[in-house]
Amino acid sequence: MNLLDIINKAKAEKAKTLDLSQQGLRLLPPELFEIQSLEELNLDRNKLVELPDDIGLLKNLKSLSVSENDLMELPDTIGNLTALEHLYLGYNSLSELPATVGNLTNLHTVNIAKNQLLEFPDEIGNWAKVVKLSLHDNMLTTIPDSVGKLKNLVKLYLDNNDLTEVPASLGNLASLEILMISGNQLSVIPQEFGKLSKLRELVLDANQLETLPEALADCKSLETISINENPMEDGLPRAILDKKGLKIDQ
């Protein structure tokens, strides 16, 4: 069955899921965007350089996966997919995201790892339902303060970027349990991290840290801190060293 036959069959059957992964696709046929019933669309491992504006017509989509392609940009119309809960864009060539991603307020999981992101839009602060956000292996130099509004975020992956600092607002992430920031250029960690009452694992390997804020001892759920490959010339505060049940990997 060729591609158009697959698409026409899905349209006739009012399909909710469609898997077009590993089809060698460079372009998406316009007929695809007539399947208004679609809730899950898998376009992984193709050769897509862009998504057409018509992607915004699939307004019932709850899951969109376009990992391992050659995407260089997303259309503004991505913001029309307001039912979207899962967005997977890992292993592409995205350098930026349109501000309209802020309209995707029902997102739960977002993976944009292994791209070329230089910055992230402030509108990320609208993602109040996101529980897992993967931004590792990009080229990010800053993270917007608005990330601190993601009150349901449990796992945040920022490792292997070019961050020289992280916003103090991360201390407002009341649900955060895992924070990975290894492989950056951080020289200080904000005192506000001490407010992360649910934080269990903090990985800070391969940065430029000379010490850690004493306030981290206030993270009552903290089980592991990893600080391998840091100068740590000033050592660790006694309050952290003496914290019961805390494993320090250095």
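**Reading the labels: salt bridges and core**

Colleague: Why is R45 called partly exposed?
Modeller: Its relative accessible area is 41%. The partly exposed class runs between under 20% for buried and over 50% for exposed, so R45 belongs there. This is a predicted model.

Colleague: What makes E68 and R45 a salt bridge?
Modeller: The closest N and O atoms are 3.7 Å apart. The cut-off is within 4 Å, so the pair qualifies. E68 sits in the loop between β3 (63-65) and β4 (86-88), and R45 in the loop between β2 and β3. The two are 23 residues apart.

Colleague: How do you know that K16 forms a salt bridge with E39?
Modeller: Their closest N and O atoms are 3.9 Å apart. That is within 4 Å, so the pair counts. K16 lies in the loop between α1 (3-12) and β1 (17-19), and E39 in the loop between β1 and β2 (40-42), so the bridge ties together parts 23 residues apart in sequence.

Colleague: Why is K16 called exposed?
Modeller: K16 has a relative accessible area of 51%. Exposed means over 50%, so the label holds. E39, at 23%, is partly exposed.

Colleague: What makes E177 and R200 a salt bridge?
Modeller: N to O is 3.2 Å. The limit is 4 Å, so they pass. By this rule the count comes to 6 salt bridges.

Colleague: Which residues have the most contacts inside the largest nonpolar core?
Modeller: That core has 74 residues. Among those with the most contacts are W127, L156 and L212. L212 touches residues including I189, I225 and M232.

Methods:
Residues are numbered from 1 along each chain as its sequence is written. This is a predicted model: local features need pLDDT of at least 70, side-chain atom pairs count only at pLDDT 80 or more; totals for chains, interfaces and linings use all residues. Side-chain values use heavy atoms; hydrogens and water are left out. A nonpolar core is a set of buried Ala, Val, Leu, Ile, Met, Phe, Trp, Tyr and Cys residues joined through side-chain atoms within 4.5 Å. Buried means under 20% relative accessible area, exposed over 50%, partly exposed in between (1.4 Å probe, protein chains only). Contact means heavy atoms within 4.5 Å. A salt bridge is a side-chain nitrogen of Lys or Arg within 4 Å of a carboxyl oxygen of Asp or Glu. Helices (H or I, at least four residues) and strands (E, at least two) are DSSP runs, numbered from the N terminus. Lists of a residue's contacts leave out its neighbours within four places in sequence.
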